[in-house]
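User: I'm new to this one. Can you walk me through it?

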Amino acid sequence: MTAPLVLFAGCHDLPEGSGDEAPVGPELAKLGVTLRWAVWDDPAVDFAAADLVVLRATWDYSRRRDAFLDWCESVPRLRNPASVARWNTDKRYLLDLAAAGVPVVPTALVAVGETPHWPPGEVVVKPAVGAGSRGAGRFGPRERDRAAAHLTALHGQGRDALVQPYQADVDERGETALVFLGGRYSHAFTKAAMLAGTGPDSAGLFVPEKLAGTEPGPAYRALAEHALDAAAGLLRLSRTDLLYARVDVVTGDDGVPAVLELEVTEPRLGFAQSTGAAALRFAEAVRAQLG
């Protein structure tokens, strides 16, 4: 019997990912699954012939989201599915989560041509469609002109933007990323504050992150579970339909945990930061998706 073939989708600048998934291939091999990498927009690759295609490092999608989503729709066995990518690659999904009762970092969508109501204190201005913190800027309370100029620049590129109050707790504790595989909690890691002048990586795809394993407290776990349930409901899927999810949580200025991001398209999953068998759990979740 021929081993099932799983393709991990990368991009031209990261054709075999960022290295995050290095432990996964050997675990899949133990389960009788062949893993290969392919660039998502390579016309020479027959993605329909694979038993499963997994979005992993397609981090250039924000440059041409429409083409990326068209490609997602063309792949018959894509995880996470195209409907998930369409919802999750525009950060206005945070407004959907908030409407569903999930505590999120206060977020205002500022469409092209609109003027924001600036929150007090430090603010973050970021594109609604973006990945790897590219295009995100942090501005102090006396830097409204710079913040407005950044917003104008994004609008000039035809990009809607989000305005959020900066969460000061991130400077001390960073963001906590809680990872779910096959709908079940797997592990967590922290990401240090990134919006303090750090430039993009050499490929221009993401701002380098300082990562470390962690064990989140019960309040963070409960919030992440709540957010994942809400996302599944909004998408009309069961949690087990989501091969992977990452919920980034911070503590707000009021001391209450809030969701900063919920990544269900192609997030870094922090296998190197896991002290357990996260790569094996991911391989098992992939195998389960094969049926």
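Analyst: Start with Leu 7, which stands opposite Arg 36 in strand 2. Strands here are DSSP E runs of at least two residues and helices H or I runs of at least four, numbered from the N terminus. This is a predicted model: local features need pLDDT of at least 70, side-chain atom pairs count only at pLDDT 80 or more, and totals for chains, interfaces and linings use all residues. Residues are numbered from 1 along each chain as its sequence is written, and side-chain values use heavy atoms, leaving out hydrogens and water.

User: Do strands 1 and 2 pair in the parallel or antiparallel sense?

Analyst: Parallel: strand 1 (residues 5-10) and strand 2 (residues 34-39) share six bridges. Pairing takes at least two DSSP bridges.

User: Which core is the largest, and what has the most contacts inside it?

Analyst: The largest nonpolar core has 45 residues, and Val 53, Leu 55, Phe 68, Trp 71 and Phe 282 have the most contacts inside it. Such a core joins buried Ala, Val, Leu, Ile, Met, Phe, Trp, Tyr and Cys residues through side-chain atoms within 4.5 Å. Buried means under 20% relative accessible area, with a 1.4 Å probe and protein chains only.

User: Which element gives the largest share of this core?

Analyst: Helix 8, with six residues.

User: New topic. What order does the open sheet of four strands have?

Analyst: The order is 5-8-6-7, with antiparallel pairing. Strand 5 (108-110) and strand 7 (137-139) are the edges.

User: How many bridges join strand 6 to strand 7?

Analyst: Three. Val 123 has Phe 139 in strand 7 as its bridge partner.

Definitions and conventions:
Buried means under 20% relative accessible area, exposed over 50%, partly exposed in between (1.4 Å probe, protein chains only).
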